[in-house]
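Please keep the structure in view while reading.

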Amino acid sequence: MLETTELDLSSLSREEKLSIGIVPMHGKDYHSVARRVGLFREREQYEGWSIKTKIVNQMTDENIITMKAIVKDDQGRTRAVGHAKEIKGATGVNSTSHIENCETSAIGRVLACLGLGGTEFASAEEIAAALIQQKEQEE
């Protein structure tokens with residue numbers, strides 16, 4: 001996987017960006033969660049570090065879930081925290097997998113807190129879901 005810090009993203013075509021997990025939208029480059037996880041796993045500075053996730057709040061009557069992701073270093077110290085909330089059925093993927101989607105979003109956010117994944121906190125997946133929700137609300 002190509003290191004973002006070594007790339008001049010402005011020199012890459014849209015197809016080249018997409019091939020390495022960077023999605024250009026609205027003039028900004030959003031990194032996929034998969035890319036952020038890949039960078040976390042391959043960089044030596046994070047050797048022995050871990051990502052832990054847990055459900056913080058689950059309101060079964062409203063089908064709302066909140067997840068927390070934590071990055072811990074090799075000494076067990078918390079280095080970054082990220083949260084996400086999803087509503088079951090709010091979008092296509094959330095109709096069947098809102099818990100998994102919420103966990104993925106929390107992981108993307110915690111890795112952004114750690115400095116991985118460019119300058120945008122939102123992941124490519126979160127922006128795509130937001131655009132779908134916005135379109136549904138307009139209809």
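A residue is called buried if its relative accessible area is under 20%, exposed if over 50%, and partly exposed in between, with a 1.4 Å probe and protein chains only. The model is predicted, and local features need pLDDT of at least 70, side-chain atom pairs count only at pLDDT 80 or more, and totals for chains, interfaces and linings use all residues. Residues are numbered from 1 along each chain as its sequence is written, and side-chain values use heavy atoms, with hydrogens and water left out.

At 14% relative accessibility, Trp 49 is buried, and Tyr 46 is likewise buried at 8%. These two residues form an edge-to-face aromatic pair, 5.0 Å centre to centre with 70° between the planes. Rings of Phe, Tyr and Trp (its six-membered ring) pair if their centres lie within 6.5 Å; planes under 30 degrees apart count as stacked, over 60 as edge-to-face, and the rest as tilted.

Beyond its neighbours within four places in sequence, Val 71 is in contact (heavy atoms within 4.5 Å) with residues including Phe 40, Trp 49 and Leu 111.

At the surface, Thr 119 is exposed, with a relative accessible area of 73%. The C-alpha atoms of Thr 119 and Lys 28 are separated by 8.9 Å, although the two are 91 residues apart along the chain.
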